[in-house]
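Biologist: I would like to learn how to read a few features of a protein structure. Please give me the general idea, then the case.

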Amino acid sequence: MKEDKKISAKKNAVRGRIFAFAAVFAAVAVLCSVFIIRAKAYNKNVDNEDSVSSPDKTLISTAKTEREQQKETQVKPEQTESSEKLTAEYMLRFEGVDIAGSDKKGKVYFRELTGAGGGTSELSLWADGEEIWTSDEHMPVSAAHVGQTSYYAVRVGGKNYIMEYTPYIGQGTGTAYYEIFSVDMDGNEKVIEKDIIGFILMKKSSGEGYFPVKYMLDFAEKVKGYIDNGSLLVSTVSGTFEYDNSADKTNPVFPYLKFIYPWVYEQAASQKLDLDGFSSLEEVLEELEKGLRVVPEDWDARIDVMKKWIEECNA
């Protein structure tokens, strides 16, 4: 565990250099252009690292995005070690999570925490009357910050696991990321499956787009399948804590669109598109692509510079 923390600290230091470089670059650039960000860089035992289906897996953000900053700078209230007893503040959200390496079943609880930031909360997994895991290592479940993270209990291969799903958009860059993982009795996580899709709300002046409609549709279908056969634990997609996504199941454009690609509504409004006039997500994305902006000619050169930083970050 100590070695993991050293590696994590090394990666965070390198990412800090990425952020500093991008900040200087933005000061002289007309447009601060960024590319696909990897949503996470946890140093965990991942069985299927090759499951990522983005068009170009080697290119991720040239700098820390607000999503990474939100996770790393979130001010958490001071907390004592978890109590061994459940109290009234714990809200049972799901019962029957499979505990890895055993035949035990766990219960997922949600509770709001107090603190100067307000709106902070956490999920926790309990088994045999003990808390074995909390969501501290993942994206903050906070209604106080601008964030749209959702957590689900999902079924994969006949077993129930936890899934974190976080769509992000900022400074013209968008990503959507999910991670399905199991937890053992010692609180260790094992990633079952993860995937990320990235896009840019701009086009190159040469005509090459960074808005991969086909990949975005395939990704949305995959996530929809998990949500449809899962249970929402908690979501902050609307800036408040939500526990029911059934109302959006019959969304005429795409089921659970508010949870999967919430940015679509704002982007459609900016292009004066009425979503009521569309019957499919494919139609919406293709129409949005037509109204995207143009990025500078030196885009490729910027990407090449950032590749070196990314390689160092992942070393």
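Modeller: Tyr-90 and Trp-126 are both buried, where buried means under 20% relative accessible area, exposed over 50% and partly exposed in between, with a 1.4 Å probe and protein chains only. This is a predicted model, in which local features need pLDDT of at least 70, side-chain atom pairs count only at pLDDT 80 or more, and totals for chains, interfaces and linings use all residues. Residues are numbered from 1 along each chain as its sequence is written, and side-chain values use heavy atoms, with hydrogens and water left out.

Biologist: How many aromatic pairs are there by the rule?

Modeller: A pair of aromatic rings is described by the distance of the centres and the angle of the planes. Rings of Phe, Tyr and Trp (its six-membered ring) pair if their centres lie within 6.5 Å; planes under 30 degrees apart count as stacked, over 60 as edge-to-face and the rest as tilted. That rule gives 13 aromatic pairs. Helices (H or I, at least four residues) and strands (E, at least two) are DSSP runs, numbered from the N terminus.

Biologist: What are the distance and angle for Trp-133 and Phe-181?

Modeller: That aromatic pair is tilted, at 5.7 Å centre to centre and 50° between the planes. Trp-133 belongs to strand S4 (residues 130-134) and Phe-181 to strand S8 (residues 173-184), so the pair ties together parts 48 residues apart in sequence. Trp-133 and Phe-181 are both buried.

Biologist: Which residues form one aromatic cluster?

Modeller: Tyr-165, Tyr-178, Phe-219 and Tyr-226 do.

Biologist: Is strand S11 mostly covered or uncovered?

Modeller: Strand S11 (residues 231-235) is mostly covered, with 4 of its 5 residues buried. As for pairing, two strands pair if DSSP finds at least two bridges between them. Strand S6 (residues 150-156) and S11 run antiparallel and are joined by 4 bridges. Ala-153 stands opposite Ser-231 in S11.

Biologist: And for the whole protein, how many helices and strands are there?

Modeller: The protein has 7 helices and 12 strands. Of its 315 residues, 49% are buried.
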